[in-house]
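Dear colleague,

Please read them with the model open beside you.

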Amino acid sequence: MTTCTATAGPTDGAASAESAPPAPGPDITLAVKDVFGIESPLTVPAFAEPSEHVPETDPAYRFNPDVTLALLAGFTHNRRVLVQGLHGTGKSTHIEQVAARLNWPCVRVNLDGHLSRLDLVGKDAVVLREGRQVTAFQEGIIPWALRRPVALILDEYDAGRPDVMFIIQRLLEREGRFTLLDQNTVLRPHPQFRLFATANTVGLGNLNGLYHGAQRLNHAQIDRWNIVAALNYLPAEEEAAIVRARVPAFADGAGRELVTAMVAVASLTRAGFRAGDLSTLMSPRTVITWAENTEIFGDSAAAFRLSFLNRCDEDERPVVAEYFQRCFGREAEEPGRAPGHGPLAGEPVRGA
């Protein structure tokens, strides 16, 4: 077959997209109080109908009021919002669930140390056109999202290589345009393009040893984020409500008490981490996994070992086991205890 190189022109994907009319933006307005249950007189633009890139709505998700308002400011006023918090707090999910209720298209990109400039910007690739192989520029996720009313989430922002992160430097400005050097093209963002990011740290690196691979980022770039929101773990009552919603078998009776005890154990691990007694902690995600495994094995202690205890440092396991004993009134490991005799079969449960 004949191979030729495509030149910049009106038939190219990038050029035709540039000349095409922008996709329609939000067409309705929603009251924050009605949609998110937050006491606020604010309204936010939204789309009347969902499109293919709108995330699925999770009815069990609980919104943090301060972080929600920060994200809504990003959607409404085109502010660049960075959400920082420990693992398992639901940072990325929080952005997606806000977008889901606004019917706002949302694309999530997980950054890592192997992500390159070509992955984000685009590169030349051999494609088949009219039966011939031609070399054409295939745009990356950034120019693709810039042309559309899309909320782009840079997930694990502090895991990206600092030199690669400079690609988005100008995008962090309010009307920041994007230059495609390969195409000699300057892209103007769609009026409803929005940019968000999540990070376990704030670009300071792996200070406490929890987040291996986190990078120290340039503070001139961190300074360009308009809003930095901190998302912490939910109050115990709200966290327990989420676990019960995820595992309906524990919604009532002894199961409800079981979930309360599980969240109490998780709270103790977090307090132990803050005090320096533990090098790891139990996230809400782990609590949900623990509840799901308890439903599978029928034994909260066995599920606890499989979900969390076995991943702890061996020297710290007695401390974690003590937390379990304090909340459940029995040992985390009981010799001769077979699965199938769990809390729902009459096991006493004590709250912490």
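What is the order of the strands in the open sheet? The sheet has 5 strands in the order S5-S8-S11-S4-S12, with parallel pairing, where strands are DSSP runs of E of at least two residues and helices runs of H or I of at least four, numbered from the N terminus, and two strands pair if DSSP finds at least two bridges between them. Its edge strands, each pairing on one side only, are S5 (106–110) and S12 (227–230), and the twist from one strand to the next averages 20°.

This is a predicted model, in which local features need pLDDT of at least 70 and side-chain atom pairs count only at pLDDT 80 or more, while totals for chains, interfaces and linings use all residues. Residues are numbered from 1 along each chain as its sequence is written, and side-chain values use heavy atoms, leaving out hydrogens and water.

Strand S4 (residues 81–84) contains Val 81, which is buried, with a relative accessible area of 0% (buried means under 20%, exposed over 50%, partly exposed in between, with a 1.4 Å probe and protein chains only). Leaving aside residues up to four places away in sequence, Val 81 touches several residues, including Leu 71, Phe 196 and Trp 225, a contact being heavy atoms within 4.5 Å. The C-alpha atoms of Val 81 and Ile 227 are separated by 4.7 Å, although the two are 146 residues apart along the chain.

S4 and S11 (residues 194–199) run parallel and are joined by 4 bridges; Val 83 has Thr 198 as its bridge partner in S11.

Best regards

Note on methods. Axes fitted to C-alpha atoms, helices over the stretch in contact; angles between N-to-C directions.
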